[in-house]
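Q: I have a model on screen and want to learn how to read its features. Where do we start?

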Amino acid sequence: MSGSARRKIAIYGKGGIGKSTVSSNLTAALSDMGIRVLQIGCDPKHDSTRGLIGGAVQNTVLDYLKEVKPEDRKLEDVVSRGYKGCLCVEAGGPEPGVGCAGRGIITAFDLLERLGSGQVDSDITLYDVLGDVVCGGFAVPLRNDYADTVYIVTSGEFMAIYAANNILRGTANYNPDRIGGIIFNSRGDPEEEARVERFSEAVGIPIVARIPRSSVFMDAEQRGATVIEAFPDSEIAGTFRDLAHAVIEGKRYHARFLSENELEKLILGRETAKKEKPVHRELNVTGTEFRPYTSKNTAYDEPIHGCAFSGASSVCTSVKGLTTVLHSPRSCAQLTVQLDSKSVKGAYTRGYSTSETFGDPDVICTDMGEGTMVFGGNDLLRRKLEEQISLGKRDFAVITACPPGIIGDDPRGVAATVEKEHPGVKIAVLEEDGNATGDFMQGTLDAGIGLIERFASKGDTRPMTVNLVGVKTMASSACSEL
Ligand code: SF4
């Protein structure tokens, strides 16, 4: 069972449902049968393989990526040998509340592939995956080139079955004929088995294992072992051995899933109650947060030109004495600064006067890389601001590109902390999140308003005069007329 015959199995289940216990016991049962298994834990809490390696905590792929330079990375550094020679890997993930765990799975899989995990001597690769399928990252093992068979662990609680149904839906998006079966992990509720049976019948997927609630799991955990290792003669060890045989047999079924309404009716015996929400379709139809001034293309959901990150950068880099911090990957910063310098050059050559900062803007980029997108960019942003403060800079505009918005960075929180720790420092935070808030023009509007709100002091008003705020792209077309 090697080379092209290698099986790839994904065990999915809602967080906390016991899929890691099921996975490690299945790996142990297969290992007892002389089958070489590589188990890859894909849950940020990285405890999938603990029972196989004597209860130890192993180095995760993502921590390794953070700590070791690319040229020094080796597969053996992230693979541990466990019970009966099985191989164990933990993908890892960011701390709760920061970064992007789904992106972490993608990054970990890429790195494992680059390090040659495909060449590892094993008969079965078993992925233990957090199965709430909240984003594309957690769906990676569902792709054809990863899992050939998907097993779903569920109890009889509604949310566990709801997650199981979502996994079926996710599998249907790739190749629906790969479901190996449902593994019922009981919580001890007398009603739950009947619920799981109803679900199994409705989606046409059999229950391939029924695991009763038992204290042997906790006893085995205390010994840092699986039930297979600690209590090989127990009834539960027998259940896992039967499951191992079913896995080897490898029957697969078509993924059929239920609508939300069908599921609620089937499991809870009632219809889904939906609250109607009024929809305003005049302005802000894109669903972006309402802003006092909205560019026309953004407001009416028309094709957008450029991104708000770029527009905001264009305004901020032309303000003398302001340090612009582009919280973005290098590519976004390069693109936007290049765009700026092109428009500046055009204005110069056409003879329009421009601000002196145009030629040499005070701008830095936080240079978000793969690691930042997994673990979050708050620390990086703070570090970059402090570097600039140590150089004597005091006034900043922080502008966010797409990635910080997608992974949920908190630039306002970072700015508040930095301002508190460095009296006299002022930071205008422009959460443009790339094009999530709109187009180039939206960025210029946001930057104008954001900078005025943060830095301008009220002066005397002069009757019959207006302040005209322009952006430099106006220079070539409108200055002469003004
Ligand atoms: S749209 Fe997003 S990814 Fe593209 S340049 Fe703007 S910030 Fe960067």
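A: Start with a hairpin. Helices (H or I, at least four residues) and strands (E, at least two) are DSSP runs, numbered from the N terminus. Two strands pair if DSSP finds at least two bridges between them. Here β3 and β4 form a hairpin with five residues between them. In its turn, Lys 84 has a positive phi of about 50 degrees. This is a predicted model, in which local features need pLDDT of at least 70 and side-chain atom pairs count only at pLDDT 80 or more, while totals for chains, interfaces and linings use all residues. Residues are numbered from 1 along each chain as its sequence is written, and side-chain values use heavy atoms, with hydrogens and water left out.

Q: How many bridges join β3 to β4?

A: Two, and the strands run antiparallel. Strand β3 covers residues 80-81. Ser 80 has Cys 88 in β4 as its bridge partner. On β2, the pairing with β4 is parallel, with four bridges. There Gly 41 stands opposite Glu 90 in β4.

Q: Which way do the side chains of β4 point?

A: In a regular strand the side chains alternate between the two faces of the sheet. In β4 (residues 87-90), Leu 87 and Val 89 point one way, and Cys 88 and Glu 90 the other way. All are buried. Buried means under 20% relative accessible area, exposed over 50%, and partly exposed in between (1.4 Å probe, protein chains only).

Q: Where else is phi positive in a residue other than glycine?

A: Asp 367 is one case, with phi near 60 degrees. Asp 367 sits in the loop between β10 and α13 (370-375). At 32% relative accessibility, Asp 367 is partly exposed. His 46 is not a glycine either, yet has a positive phi of about 40 degrees. The loop between β2 (37-42) and α2 (61-67) holds His 46. His 46 is partly exposed too, with a relative accessible area of 25%.

Q: What is the strand order in the open sheet of four strands?

A: The order is β10-β9-β11-β12, with parallel pairing. The edge strands, β10 (363-365) and β12 (426-430), each pair on one side only. From one strand to the next, the twist averages 20 degrees. Strand β9 (residues 323-327) pairs with β10 over three bridges. In that pair, Val 325 stands opposite Ile 364.

Q: Which helices lie across β11 and β12?

A: Axes are lines fitted to C-alpha atoms, for helices over the stretch in contact (heavy atoms within 4.5 Å). Angles run from 0 to 180 degrees between N-to-C directions. Helix α14 (residues 378-390) lies across β9, β10, β11 (395-400) and β12, at about 155 degrees to β11. Helix α17 (residues 440-455) lies across β11 and β12, at about 155 degrees to β12.

Q: How many residues does the largest nonpolar core have?

A: A nonpolar core is a set of buried Ala, Val, Leu, Ile, Met, Phe, Trp, Tyr and Cys residues joined through side-chain atoms within 4.5 Å. The largest has 50 residues. Those with the most contacts inside it are Ile 40, Phe 109, Tyr 127, Val 150, Leu 168 and Phe 199. Apart from it lies another core, of 36 residues, among them Val 37, Tyr 151, Ile 211 and Ile 228.

Q: Which residues surround the ligand?

A: Look for residues with a heavy atom within 4 Å of it. They are Cys 307, Phe 309, Cys 332, Leu 335, Ala 401, Cys 402, Gly 434 and Asn 435.
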